Amino acid sequence: MNSVSLGSFFLTSPPVCKFRLRLQTKHQPIYHHYLYDSGVNLSPISLTSKSTKHTFLQATDSNIDAPVSFPEGASSFVHIEEIIEKDWSVLDSDETSFEGEFKGSIERIISAGKVEESSRVLVSTGSEGFVDCLMGSYSCKSLFVVHDSLLILACIKEKYDKVKCWQGEIIQVPEKWAPFDVVFLYFLPALPFKLDEILGSLAKKFSPGGRVIISHPQGREVLEQQRQQHPEVVVSELPDKTYLQRVAAAYTFDVAEFVDEPGLYLAVLICSGA
């Protein structure tokens with residue numbers, strides 16, 4: 001299995017998630033200062049908007065084909081022939097102002113995690129705005145972000161160099177990051193897995209008393225609209241309470257809170273097993 005990791009870098013401007021990109025190569029962690037392929041240590045990453053000759057990845061919103069260039073004198077590199085990514089604008093379409101009810105919903109979702117300075121926190125399929133709110137409101141021991149979009153991870157990594165990022169599936173998150181104290185499944189319907197697969201994987205990587213926060217800051221009605229607009233991204237539904245309780249109990253999680261209102265979906269699961 002090929003894997004690629006990227007470290008501290010800057011995207012070509014503007015780093016906006018309206019690029020229609022879907023990476024062909026999966027399970028690509030972003031957490032160091034080097035680019036790897038099949039375990040081979042390659043050249044350091046240096047993405048910047050100041051010089052085109054130092055740009056590893058460029059894209060325009062009018063052209064989905066991303067031209068790739070490499071710095072002069074690079075001794076080795078991974079040539080990505082084509083990068084085609086999903087349109088993840090569904091995540092930030094209503095986050096431009098972060099005011100009013102939407103901001104209140106985000107704050108409520110984050111506060112449900114009860115993040116502490118000693119917490120190891122994982123965010124799955126989160127937006128830039130959600131990570132910004134989390135980083136701006138709480139201090140934690142470590143923050144890990146998992147996403148299918150390499151560009152969204154790049155934007156997050158550009159802002160927060162200490163955040164560890166993984167491009168791939170949540171069920172295959174490295175065990176070396178565990179145990180987790182808080183996991184935010186911020187946009188569960190974007191994950192191509194059943195809930196029991198996700199909780200079954202997370203149960204092995206949790207601290208006793210750890211919390212899983214499943215959420216949608218605008219509720220089911222808006223989710224259905226998003227499904228119609230972005231069927232390639234919204235691939236499943238939010239679990240109802242009965243199904244959630246049954247699956248949670250099977251993997252030693254207790255449902256501590258459940259809110260399914262027109263303007264908010266929030267479910268809090270607490271890990272009761274060792």
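Cys155 is buried, at a relative accessible area of 2%, where buried means under 20% relative accessible area, exposed over 50% and partly exposed in between (1.4 Å probe, protein chains only). Cys165 also counts as buried, because its relative accessibility is 0%. The model is a predicted one, in which local features need pLDDT of at least 70 and side-chain atom pairs count only at pLDDT 80 or more, while totals for chains, interfaces and linings use all residues. Residues are numbered from 1 along each chain as its sequence is written, and side-chain values use heavy atoms, with hydrogens and water left out.

**Confidence**
- The chain has a mean pLDDT (the predictor's confidence in each residue, from 0 to 100) of 75, and 65% of its residues reach 70 or more.
- Over residues 1-70 pLDDT stays under 50, and the model has 185 contacts beyond four places in sequence for this stretch; contact means heavy atoms within 4.5 Å.
- Residues 73-81 also stay under 50 in pLDDT, with 10 contacts beyond four places in sequence.
- Where pLDDT is low, the predicted coordinates should not be read in detail.

**Chain as a whole**
- There are 6 helices and 10 strands in the chain, taken as DSSP runs (helices H or I, at least four residues; strands E, at least two) numbered from the N terminus.
- Of the 274 residues, 51% count as buried.
- Among contacts in the chain with a separation of 6 or more, 67% come from residues 24 or more positions apart.
- The structure holds 0 disulfides, a disulfide being a pair of cysteine sulfur atoms within 2.5 Å.

**Helix 4 and helix 6**
- The axes of helix 4 (residues 195-203) and helix 6 (residues 241-250) come within 9 Å and cross at roughly 35°; axes are lines fitted to C-alpha atoms, for helices over the stretch in contact, with angles from 0 to 180 degrees between N-to-C directions.
- Leu195, Asp196 and Leu199 of helix 4 meet Tyr243, Leu244, Val247 and Ala248 of helix 6.
- By class, this contact of helix 4 with helix 6 has 6 nonpolar, no polar and 1 charged residues; Ala, Val, Leu, Ile, Met, Phe, Trp, Tyr, Cys and Pro count as nonpolar, Asp, Glu, Lys and Arg as charged, and the others, Gly among them, as polar.

**Ser207**
- Ser207 lies in strand 8 (residues 206-216) and counts as buried because its relative accessibility is 15%.
- Not counting residues up to four places away in sequence, Ser207 touches Pro179, Phe180, Asp181 and Cys271.
- Ser207 and Ser119 are 88 residues apart along the chain, and their C-alpha atoms are separated by 10.0 Å.
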